[in-house]
Amino acid sequence: MDAFFASVEQRDYPELRGKPVAVGGASGRGVVAAASYEAREFGVKSAMPSVTAKRRCPDLIFVKHRFDVYRDVSRQIREIFKTHSDLVEPLSLDEAYIDVTQDKMGIGNATRIAEMIRAEIKQQTQLTASAGVSYNKFIAKIASDQNKPDGMCVIKPHQGAAFVAQLPVRRFFGVGPKTAERMAKLNLHTGADLRAQSEDFLRQHFGKSAGYLYRASRGIDHREVKPNRIRKSVSNERTYGDDLVTDTDLQDAFEHIIDITWKSIEKSGSRGRTVTLKARYADFRTITRSHSVDHWVDTKAEFASISHDLLAQIMPVENGVRLLGLGLVNLEGTEQQPVQSVAEEGQAAFEF
């Protein structure tokens, strides 16, 4: 959806319409979860510290998140998707892939289906969505961001390679600032620059990502749309308004993290073999620790015991802790993922 959380707030509270809005905490160590397009014009974006956002946009209006409402709207939108195809792969509350090869309404045209879905979303939720329509997931997802907000971009099979060639390398999934910097030193700035390299060259410089970069730079992506994506981890973390300095404060906060993470694990029905700990110090240095066992961690007592052992590895803390997180990974079922085959044309990615 277009600026999903912020758009829901502007829909439900008319006094916010046309104004710069940020969903998130306004003070202390708050972070922007979503920003309206009016706020984005000032450079405000998600994951930005609230103090930075307020500095960039003094008139920014902060509102508290309402995740229950966002989840309800997300479910409403997915029901619209399912009237057209059973092959819906959610990526988050506000984004999903849809394979419309098996078109339930018999429309027979992916572009027309995308137009209908966007119209149905607008009619039922009073919100706008942008769509990318193409022959594979990689291109459809990028295309969904091309004409935001309230837009659509269609890339046909014969256009794919040329479309990818003009993309900056930062548009490729997994290419972050550091990787882009390494690429720039190798004079790799666009998809065309990547395509000009051999797979051996890419492997030499980018390791496991070589195959993906080689195929993606040619507009190739064989991943299927998977309605039941395998969850790979369950985790929770908290950022604290005041640094945790004493052992007592740290232990009390840690017990809370254990409780909320285990509740998430129980709610998801997950079982895993590896417990992970994340801690961020007052100087923003972040460390992680993990411990694996040869059986499923399926009781809170064992999860808590392993978690405390991990915490002991970083004790005593010389300077304050601003963030703590726990997770369970190597979940049941992630070891035997099905082999991916060539996807048919007719996939659409909706980015919200």
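Is D298 buried, partly exposed or exposed? With a relative accessibility of 43%, D298 counts as partly exposed, where buried means under 20% relative accessible area, exposed over 50%, and partly exposed in between (1.4 Å probe, protein chains only). The structure is a predicted model, in which local features need pLDDT of at least 70 and side-chain atom pairs count only at pLDDT 80 or more, while totals for chains, interfaces and linings use all residues. Residues are numbered from 1 along each chain as its sequence is written, and side-chain values use heavy atoms, with hydrogens and water left out.

D298 forms a salt bridge with R271, and the closest N and O atoms are 3.9 Å apart; a salt bridge is defined as a side-chain nitrogen of Lys or Arg within 4 Å of a carboxyl oxygen of Asp or Glu. D298 lies in the loop between β10 and α13, and R271 in the loop between α12 and β9, so the pair ties together parts that are 27 residues apart in sequence. Helices (H or I, at least four residues) and strands (E, at least two) are DSSP runs, numbered from the N terminus. R271 is likewise partly exposed, at 26% relative accessibility. Salt bridges with shared partners also join E9, R11, D12 and R66 into one network.

Across the whole structure, the search finds 18 salt bridges. Side chains of opposite charge can pair when their charged atoms come close. One of these salt bridges is formed by the side chains of R75 and D72, at 2.3 Å from N to O. Both R75 and D72 lie in helix α4 (residues 67-82), three residues apart, about one turn of the helix. An α-helix has 3.6 residues a turn, so residues three or four places apart point the same way. R75 has a relative accessible area of 49% and is partly exposed, as is D72 at 44%. A further salt bridge joins the side chains of D86 and K104 (2.9 Å, N to O). Since D86 lies in the loop between α4 and β4 (88-92) and K104 in the loop between β5 (95-99) and α5 (110-125), the pair ties together parts that are 18 residues apart in sequence. D86 is exposed, with a relative accessible area of 54%, whereas K104, at 45%, is partly exposed.

Helix α13 comprises 14 residues (residues 300-313), which at 1.5 Å a residue should span 20 Å; the end C-alpha atoms of the helix are 20 Å apart, in agreement. The expected span is 1.5 Å times one less than the number of residues. The buried residues of α13 are F303, A304, I306, S307, L310 and L311. Viewed down the axis of α13, these buried residues fall within an arc of 165°, so they line one face of the helix; the arc is that of the directions from the helix axis to the C-beta atoms. They pack against α12 (247-268), β9 (272-281), β10 (286-297) and β11 (321-331), with contact meaning heavy atoms within 4.5 Å.

The largest nonpolar core has 30 residues, and those with the most contacts inside it are F303 and L324. Such a core is a set of buried Ala, Val, Leu, Ile, Met, Phe, Trp, Tyr and Cys residues joined through side-chain atoms within 4.5 Å. At least two residues of this core come from each of β8 (233-244), α12, β9, β10, α13 and β11. The most is given by α12, with eight residues. Residues up to four places away in sequence being left out, F303 touches I258, T261, W262, I265, V275, V297, L326 and G327. Another core, of 29 residues, lies apart from the one described; M1, L16, I113 and A114 are among its residues.

L16 is found in the loop between α1 (4-12) and β1 (21-24) and is buried, with a relative accessible area of 8%. Apart from neighbours within four places in sequence, L16 is in contact with E9, Q10, V21, I61 and V63. The C-alpha atoms of L16 and V63 are separated by 9.8 Å, the two residues being 47 residues apart along the chain. In strand β8, by contrast, is found G241, which counts as exposed at 57% relative accessibility.

With a disulfide defined as a pair of cysteine sulfur atoms within 2.5 Å, the count comes to zero disulfides. C57 counts as buried at 1% relative accessibility, and C153 counts as buried at 10%.
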